[in-house]
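Hello,

Please find the structure below. My notes on what turned up follow it.

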Amino acid sequence: MTVTEFSNEFDIYYNSISTNSAPGIDLYEKSVYLTRAQLEIVNNYFNPKGNKYKRGFEQSSKRRADLRELIRPGLSTTVSNITDDESLSENSQTFRIKDNVYLIIQEKARVASDDSCLDGKYIKVTPKTHDEFNIQENNPFKNPDSETIWRLDMYSQSYGGQELNDDNKIIELISPYTLDQYKYRYIVFPSPIVLVNLLTEFPYEEISIDGITAEQTCKLDEHIHREILNRAVEMAAADYNKDSLPVKLQMNQRNE
């Protein structure tokens with residue numbers, strides 16, 4: 001859908017379900033609702049409890065098609081130089097990942113070893129929360145081994161002895177082996193839907209959506225556009241409905 005189609009159909013749906021007392025919605029507000037709806041749908045696709053079929057994002061062909069525009073490959077071969085004081089384990093090794101990573105969906109790391117049976121072997125990486133690490137780090141039966149590497153997310157202001165900007169993402173891999181490569185597939189943060197050039201339409205307000213001011217339509221596959229549109233209209237109507245709480249709760253189970 002083009003930005004004009006998004007805007008026109010938003011008005012049609014919104015006027016059909018809102019009360020006469022509901023205020024009109026300008027192009028900036030429509031853009032905010034559309035962007036919120038898009039992100040909610042993406043998040044719910046990854047959370048089986050957030051959709052009516054209780055299924056993960058790749059458990060139907062529709063979902064795979066909906067999100068294929070967001071899936072990217074990633075490869076890191078550079079180990080960041082954080083200090084021992086910053087690491088959680090003597091087996092910690094840190095890698096920098098791409099700044100646009102939103103959710104990692106598949107990952108593994110490669111072993112570098114003098115042992116020919118281990119050298120070049122890829123081992124599955126398992127994400128861990130810091131709470132899980134705290135519980136399991138002293139349990140020898142649950143520590144990383146030849147089949148599993150732990151991954152914890154972190155942020156570092158230094159990398160290779162140089163200062164980094166605020167967008168740098170570092171992951172900490174914990175393994176008894178030396179690792180020389182981290183390979184992953186990830187979801188990028190969905191780009192906002194902006195129905196009008198915000199600098200031109202609102203020159204005195206200095207507004208943007210996720211840092212974007214230029215006009216742009218939804219970048220996901222077109223067959224999910226109306227699902228996003230319908231969700232955005234529901235959000236807008238619920239916000240202006242005094243009895244909106246039951247409506248908002250029902251909306252959380254609408255995802256395909």
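**Largest pocket**

The lining of the largest pocket consists of Arg-72, Asn-100, Val-188, Phe-189, Pro-190, Ser-191, Pro-192, Asp-210 and Ile-212. Bear in mind that this is a predicted model. The space in this pocket comes to about 160 Å³. By type, five of the lining residues are nonpolar, two are polar and two are charged.

**Overall build**

The protein has seven helices and nine strands. Of its 256 residues, 41% are buried. Now the contacts. Take those between residues at least 6 apart in sequence: 68% of them join residues at least 24 apart.

**Helix 1**

Helix 1 runs over residues 3–17.

Which residues of helix 1 are buried? They are Val-3, Phe-6, Ser-7, Glu-9, Phe-10 and Tyr-14. An α-helix has 3.6 residues a turn, so residues three or four places apart point the same way. Phe-6, Phe-10 and Tyr-14 are among the buried residues of this helix.

What do the buried residues of helix 1 pack against? Their partners are helix 2 (27–46) and helix 6 (225–239).

Best wishes

How values were computed
Residues numbered from 1 in each chain as written. Predicted model: local features only at pLDDT ≥ 70, side-chain atom pairs only at ≥ 80, totals over all residues. Heavy atoms only, no water. 1 Å grid on protein atoms, 1.4 Å probe; cavity = no way out; pocket = protein on both sides within 12 Å on 5 of 7 lines; lining within 4 Å. Points joined across faces, edges and corners; volume = space filled by probe spheres on them. Nonpolar A, V, L, I, M, F, W, Y, C, P; charged D, E, K, R; others polar. Helix = DSSP H or I, 4+ residues; strand = E, 2+ residues; numbered from the N terminus. Expected span 1.5 Å × (residues − 1). Buried < 20%, exposed > 50% of the residue type's maximum accessible area, 1.4 Å probe, protein only. Contact = heavy atoms within 4.5 Å.
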